[in-house]
Amino acid sequence: MSGDVAVGLLGFGEVGRVLGDDLAAVGGLALFAYDTQFGSDSIPDRAVRAHRHVAAVTDANDLAKRCNVIISAVTAAEDLAAARSLADGLAGGTYVLDLNS
């Protein structure tokens with residue numbers, strides 16, 4: 001992969017927040033996140049607002065359009081819906097990594 005790397009975190013719960021911190025420490029990456037709980041004064045919503053290096057986006061489609069690497073860190077119960085939510089925005093050559101428990 002050449003050029004600028006924009007990483008999207010789909011899910012900003014416990015795992016997403018840890019990944020955001022670790023990727024921010026690497027430096028040189030544009031970091032974005034989307035969580036279905038954004039906008040509800042939830043733990044993920046408060047966490048992304050407090051994070052200096054991860055920008056919240058409005059939905060999964062927006063995340064897919066902005067990023068060339070996406071890490072899905074949602075529960076197994078939400079995994080299929082999360083993958084489908086990205087589909088319309090994905091461009092050719094985008095890497096999607098699925099981490100679920």
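These notebook entries record what I looked up in the structure.

**Basis.** I worked from a predicted model, in which local features need pLDDT of at least 70 and side-chain atom pairs count only at pLDDT 80 or more, while totals for chains, interfaces and linings use all residues. Residues are numbered from 1 along each chain as its sequence is written, and side-chain values use heavy atoms, with hydrogens and water left out.

**Overall fold.** I found 4 helices and 5 strands in the protein chain; helices (H or I, at least four residues) and strands (E, at least two) are DSSP runs, numbered from the N terminus. Along the sequence they follow the pattern β-α-β-α-β-α-β-α-β. I noted that the C-alpha atoms fill a box of roughly 35 × 30 × 25 Å along the principal axes.

I looked up burial next: 41% of the 101 residues count as buried (buried is under 20% relative accessible area, exposed over 50%, partly exposed in between; 1.4 Å probe, protein chains only). Contact means heavy atoms within 4.5 Å. Of the contacts with a separation of 6 or more, 66% are between residues 24 or more positions apart.

**Ser 72.** I located Ser 72 in strand S4 (residues 69-72). With a relative accessible area of 4%, Ser 72 is buried. Beyond its neighbours within four places in sequence, Ser 72 contacts Leu 10, Asp 79, Ala 82, Leu 97, Asp 98 and Leu 99.

**Gln 37.** I placed Gln 37 in the loop between strand S2 (30-34) and helix H2 (43-50). Its relative accessible area of 41% makes Gln 37 partly exposed. Leaving aside neighbours within four places in sequence, I found Gln 37 in contact with Ser 42, Pro 44 and Asp 45.

**Helix H2.** I listed Pro 44, Asp 45, Ala 47 and Val 48 as the buried residues of H2. They cover an arc of only 165° around the axis, so they lie on the same side of H2; the arc is that of the directions from the helix axis to the C-beta atoms. The cover over these buried residues includes helix H1 (14-26), S2 and strand S3 (54-56). On the face turned away from the buried side, I noted the exposed residues Ile 43, Arg 49 and Ala 50.
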